[in-house]
Amino acid sequence: MSMRIGELHIMGNLEFRLMEKEDFGAIVTLMAGTFFHSALYTWAAPDEEERRRLLNAMFHHRAQGWLAYQTELVLEAGVIVGSATWIPPKNGEEEPVKNTGSMDDVFKGLSPGVAERWMVFQAIIEAQEKSIPPLAWELAPIAIAPEAQGRKIGSKLIAKKLEEIDQAGLPCFLATQDRINLEIYGRFGFKKTDEIPIAPGGPISYGMFRAAGVPDSL
């Protein structure tokens, strides 16, 4: 069963709505928990305590800009269990500000190696994003709470937005640093376009592109 009430979209016992300012703290907590064991953050901050501090600081920095995009949440019993941020096509216009504040605040108190590794990654992801066609959407971070994983909540978040993107006849891009995600996104019609080693012995950043109107296999 699926129905809409204003800006709220209800699907079974799940509720979908856009992120609001009041969700900020919960989003940071969700992201930090979801990405704690990811290939990128494990490499950037091998020490678990530093990684925890990096994740909280990084997503506190990043999430401040997500209200300018389309960040859709999924809630269960009033608790946020999933989030997906979609960056609209640039259309030749200036892109909204992604973040506020300084990156120096993110790395404050962390060992120099953490900041150095992150800057290496940042250069690579910026190069990949330059290949995005002007009319393509970009799927930025998508996070599902560990206790809610394995129930296709992420799939519902992705499919719901891709239906809208397909109706507009537009393509979509994403980048991931976890190889296991290639198969997952492949079910939605995303194809790997490149794979760039971030550093010797480090993770690989995979660029993926989905042509307009490609059906998923779910």
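## Arg-187 and its partner

At 34% relative accessibility, Arg-187 is partly exposed (between the limits for buried, under 20% relative accessible area, and exposed, over 50%, with a 1.4 Å probe and protein chains only). Its side chain meets that of Glu-183 in a salt bridge, 3.6 Å from N to O (a side-chain nitrogen of Lys or Arg within 4 Å of a carboxyl oxygen of Asp or Glu). Glu-183 counts as exposed, at 56% relative accessibility.

This is a predicted model, in which local features need pLDDT of at least 70 and side-chain atom pairs count only at pLDDT 80 or more, while totals for chains, interfaces and linings use all residues. Residues are numbered from 1 along each chain as its sequence is written, and side-chain values use heavy atoms, leaving out hydrogens and water.

## Other salt bridges

The count of salt bridges comes to 8. One of them joins the side chains of Lys-160 and Glu-72, at 2.5 Å from N to O. This pair links distant parts of the chain, with Lys-160 in helix H6 and Glu-72 in strand S4, 88 residues apart. Both Lys-160 and Glu-72 are buried.

Glu-164 and Lys-161 also meet in a salt bridge, at 3.2 Å. These two are 3 residues apart in helix H6, so about one helical turn separates them. Glu-164 is partly exposed at 35% relative accessible area, whereas Lys-161 is buried at 5%.

## The overall fold

You can find 7 helices and 9 strands in the protein (DSSP runs numbered from the N terminus: helices are H or I, at least four residues, and strands are E, at least two). Of the 218 residues, 45% are buried. In helix H1, residues 24-34, the buried ones are Ile-27, Val-28, Leu-30, Met-31 and Ala-32. Their cover includes H3, S4, S5 and S6.

## The largest pocket

The largest pocket holds about 1400 Å³ of space. A pocket here is an open set of points on a 1 Å grid over the protein atoms alone, where a 1.4 Å probe fits, with protein on both sides within 12 Å along at least five of seven lines; lining residues have an atom within 4 Å of a point. The volume is the space filled by probe spheres set on the points, which are joined across faces, edges and corners.

Its lining has 49 residues, with Phe-35, Pro-141, Ile-142, Asn-181 and Tyr-185 nearest the centre. Strand S6 gives the largest share of the lining, 7 residues.

How values were computed
Contact = heavy atoms within 4.5 Å.
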